[in-house]
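Here is a briefing on one protein model. Please look at the fold first, then read the points below.

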Amino acid sequence: MSIPPESAGTRRSGTRIVGRALTCAVFALAGLLFYVSAQTARGTDLRTDNSLLSLGDVVRQRSNQNQQAQAQLADLQAQEQHLTEQQAHSPAEAAQLDGLRQGAALEPLQGGGLTVTLNDAPPNATARVPGVPEPGVNDLVIHQQDIQAVVNAMWRGGAEGVQVMDQRLISTSAVRCVGNTLLLQGRVYSPPYVVKAVGRTDALRGAVEADPTIRTYLKYVQAYGLGWKVQESGDLTLPGYSGTTELHSAGGQQ
């Protein structure tokens with residue numbers, strides 16, 4: 001059956017109208033998407049993450065905030081100690097209070113002791129001993145158990161006080177590693193890691209040398225060049241602990 005000329009023209013006209021409508025809808029949708037993207041990015045490039053803080057940036061930011069908070073807390077603790085000493089009724093009470101603060105690691109500690117420094121191996125390190133396999137990534141970095149082993153050996157050796165990096169350890173302190181960084185009492189540190197202890201140097205050194213975990217670590221020192229240094233000192237000064245003494249969990253402070 002043939003189509004009348006007027007009907008064919010009407011159909012072509014309707015097709016053009018539908019085509020224009022679809023074109024307008026596509027452009028409108030594209031414009032909407034551009035608008036939403038601009039509002040979301042607020043003028044930044046959505047293909048980059050420059051506007052977002054990386055996890056490492058967040059951790060460092062929190063670490064700096066914790067450091068500032070600890071400094072403020074230390075000032076408040078000093079004021080509290082001063083007021084408490086003023087209220088002491090006798091020299092004996094003041095001496096008892098000082099002894100309690102020393103036992104809680106809240107006062108600086110001075111004396112002879114030992115300093116142990118651990119460090120990652122060079123990133124391009126290779127096996128230095130014949131017959132030893134080439135190292136993997138985990139063979140070239142300090143692990144949590146390495147630092148813990150040194151700290152525990154210090155305590156077993158009769159340490160009167162222990163300091164890791166610039167912080168004094170107390171009974172609720174927890175040494176933890178996140179990736180290749182040390183997380184200690186709310187602050188983050190990178191290697192080299194320094195552990196100091198006040199006590200009899202011969203007893204401290206003997207406890208360190210006898211620790212089985214440290215002996216294993218020393219094999220990696222020889223094989224791959226991990227950093228290890230032990231220094232005796234006749235005059236070490238450990239700072240008093242200046243953080244919070246509140247226990248948050250059985251696992252120690254964060």
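The buried residues of α5 are covered by elements that include β1 (109–119), α4 (144–156), β7 (193–198), α6 (212–224) and β8 (227–238). Helices (H or I, at least four residues) and strands (E, at least two) are DSSP runs, numbered from the N terminus. The model is predicted: local features need pLDDT of at least 70, side-chain atom pairs count only at pLDDT 80 or more, and totals for chains, interfaces and linings use all residues. Residues are numbered from 1 along each chain as its sequence is written, and side-chain values use heavy atoms, leaving out hydrogens and water.

**Helices on the sheet**
- Helix α5 spans residues 201–210, and its L204, A207 and V208 are buried (under 20% relative accessible area, with exposed over 50% and partly exposed in between; 1.4 Å probe, protein chains only).
- These residues lie on the same side of α5, because they cover an arc of only 100° around the axis (the arc of the directions from the helix axis to the C-beta atoms).
- α5 lies across β1, β7 and β8, and runs at about 25° to β1.
- α4 lies across β1, β2, β7 and β8, at about 5° to β7.
- For these angles, axes are lines fitted to C-alpha atoms, for helices over the stretch in contact, and the angles run from 0 to 180 degrees between N-to-C directions.

**The five-stranded sheet**
- The sheet is open, with strand order β3-β2-β7-β1-β8 and antiparallel pairing (two strands pair if DSSP finds at least two bridges between them).
- β3 (167–168) and β8 are the edge strands; each has a single partner strand, so one side of each lacks a neighbour in the sheet.
- β1 and β7 are antiparallel and share six bridges. G113 faces V198 of β7 across this pairing.
- β2 and β7 are antiparallel over four bridges. Here Q163 stands opposite K196 in β7.
- β2 (residues 161–164) also runs antiparallel to β3, joined by two bridges. Q163 stands opposite R168 of β3.

**The β4–β5 hairpin**
- β4 and β5 pair antiparallel through four bridges, and C177 has L182 of β5 as its bridge partner.
- Two residues separate the strands of this hairpin, and G179 has a positive phi near 65°.
- V175 and C177 form the covered face of β4, while R176 and V178 form the uncovered one.
- In a regular strand the side chains alternate between the two faces of the sheet.

**The nonpolar core**
- The largest nonpolar core holds 35 residues (buried Ala, Val, Leu, Ile, Met, Phe, Trp, Tyr and Cys residues joined through side-chain atoms within 4.5 Å).
- Those with the most contacts inside this core are I147, M154, V162, V164, L182 and V195.
- At least two core residues come from each of β1, α4, β2, β4 (175–178), β5 (181–184), β7, α5 and α6.
- α4 gives the largest share, six residues.
- Leaving aside residues up to four places away in sequence, V195 touches L114, T115, V116, I147, V150, V151, M154, V162, Q163 and V164 (contact means heavy atoms within 4.5 Å).

**The whole chain**
- The protein chain has six helices and eight strands. From the N terminus, the order is α-α-α-β-α-β-β-β-β-β-β-α-α-β.
- Of its 254 residues, 29% count as buried.
- Among contacts with a separation of 6 or more, 74% join residues 24 or more positions apart.
- The chain exposes about 16200 Å², with 55% supplied by carbon and sulfur atoms (Shrake-Rupley method, 1.4 Å probe; for residues, only the protein chains shown count as cover).
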